[in-house]
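This report goes through a structure in parts. Please look at the sequence and the model first.

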Amino acid sequence: MLRNSYVVLVFGLLNLLLVGCKSNNVQVIQAPKLAIMAEGERLSPYQLNKRFLATIKQNGIMGASSFIDADATLRHYKEAYDSHAEVSGEVFTKGLLKGLKSLDTLGEFNYLGTDEKGEGFWQSFYRFETDDGAFYFHLVWRDGRYLTDVKFESLSESVLGFAAIANSQTKLEKPQQEIFAKIIASLMRKDFVQAQSQLNSLSDAAKENVLLQVSLWKLAQATPSNESHSFVDELAKIIKPEDRTNIGWLQYYKRKKAHRQALELLNDAPDILKRDPFYILEKSAIHLEVGDYSAVWRGIHDLFYLGGEDFINYVFAAQLAINMKEFEYAVEILSVAEEKYELNFLKQDLAELDDGVEFVNSSAFKKWRGNS
């Protein structure tokens with residue numbers, strides 16, 4: 001049965017995992033409780049998320065505390081995970097705020113849409129962009145107004161789900177706990193060789209502990225690099241294929257040239273993500289690698305049909321056309337974008353695209369721009 005003292009320890013570990021190898025010194029500052037919604041006011045999912053974004057823009061990410069209610073969070077946990085939990089809702093709200101705080105430095109949030117699970121029960125999806133690419137998460141709303149959970153799509157569990165998993169697992173024996181702690185310390189130092197050696201020294205029973213697996217996987221992917229690949233490969237040996245279902249495993253499968261598994265991950269993603277241009281580009285790139293050009297053309301179609309006519313869709317569509325050596329089609333796409341957005345693409349910028357040098361040296365480009 002889940003109790004307050006145990007949840008505090010679990011969220012301490014989760015906080016460490018969410019901030020990854022950047023820092024483990026995250027302080028949660030409670031924002032003033034604002035009257036976000038008037039008594040009896042009803043908002044659509046779009047209106048609620050618009051107000052959420054406006055609030056955190058004005059007050060910082062901790063302004064999200066204005067949307068969190070301890071009783072609503074506890075009720076959601078009991079309905080979703082453990083109806084017999086003996087824990088205060090305030091403990092969960094602190095865990096949610098720590099999870100949100102980890103997003104504070106990751107980039108601007110882009111609202112993608114909401115999946116309505118029931119009356120006032122919504123999952124609202126977001127994308128944020130970093131130097132390492134685009135990442136997704138979703139917020140869980142209850143009663144059409146309360147933020148009750150946060151789920152990073154690259155992880156198998158949400159913030160509250162992590163606590164539920166921790167509670168369901170048999171506690172590691174003390175020697176195994178010590179090895180677990182050493183692995184985490186090694187990963188924080190980016191000493192992947194040492195971390196792999198320590199991982200191999202765990203008992204078979206410890207390796208089957210789901211909390212341990214989820215925790216190490218999160219830290220391992222926090223700083224993807226050539227040095228971390230061998231550790232991830234070793235970790236994959238102890239995590240069953242059926243448990244590698246979140247899109248955080250996408251880069252692993254791509255690196256292993258396991259294109260079928262990579263596409264399965266993307267096909268199983270929430271429908272709202274499938275309309276996002278970054279998702280479409282990622283999936284089309286895999287089709288391109290296996291030579292399925294008809295699927296790449298479908299990706300170009302989907303960029304506009306599903307994603308609309310945003311500027312980024314033109315750039316991504318041109319990129320895919322260039323990858324297929326369809327330079328005349330790329331010129332056509334870029335020409336439409338220039339006219340629509342009243343701009344001129346610079347040759348040196350286009351050369352920075354994948355296969356961009358070949359494109360700017362092509363006869364199609366020279367016909368469009370001349371030899372300058």
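Which residues does Phe231 touch, not counting residues up to four places away in sequence?

Phe231 touches Ile183, Leu187, Phe192, Ala195, Gln196, Leu199, Leu216 and Ala220; a contact here means heavy atoms within 4.5 Å. This is a predicted model, in which local features need pLDDT of at least 70, side-chain atom pairs count only at pLDDT 80 or more, and totals for chains, interfaces and linings use all residues. Residues are numbered from 1 along each chain as its sequence is written, and side-chain values use heavy atoms, with hydrogens and water left out.

Phe231 also belongs to the largest nonpolar core, which has 64 residues. A nonpolar core is a set of buried Ala, Val, Leu, Ile, Met, Phe, Trp, Tyr and Cys residues joined through side-chain atoms within 4.5 Å. Buried means under 20% relative accessible area, exposed over 50%, and partly exposed in between (1.4 Å probe, protein chains only). Ile183, Leu216, Phe231, Leu235 and Phe359 have the most contacts inside the largest core. Helix H15 gives the most to this core, with 7 residues. Another core, of 25 residues, lies apart from it and includes Trp122, Tyr126, Val150 and Phe152. In soluble globular proteins, nonpolar side chains tend to be buried together.

## Helix H15

Helices (H or I, at least four residues) and strands (E, at least two) are DSSP runs, numbered from the N terminus. H15 covers residues 311-323. The expected span of a helix is 1.5 Å times one less than its number of residues.

Because 10 of the 13 residues of H15 are buried, the helix is largely enclosed by the rest of the structure. Among the buried ones are Tyr314, Phe316, Leu320 and Ile322. Their cover includes helices H13 (277-289), H14 (293-305), H16 (327-341) and H18 (356-360).

Strands E3 (133-142) and E4 (146-152) run antiparallel and are joined by 6 bridges; two strands pair if DSSP finds at least two bridges between them. Arg142 has Tyr146 in E4 as its bridge partner. In E4, 6 of the 7 residues are buried.

The hairpin has 3 residues between its strands. Asp143, in this loop, has a positive phi of about 60 degrees although it is not a glycine. At 33% relative accessibility, Asp143 counts as partly exposed.
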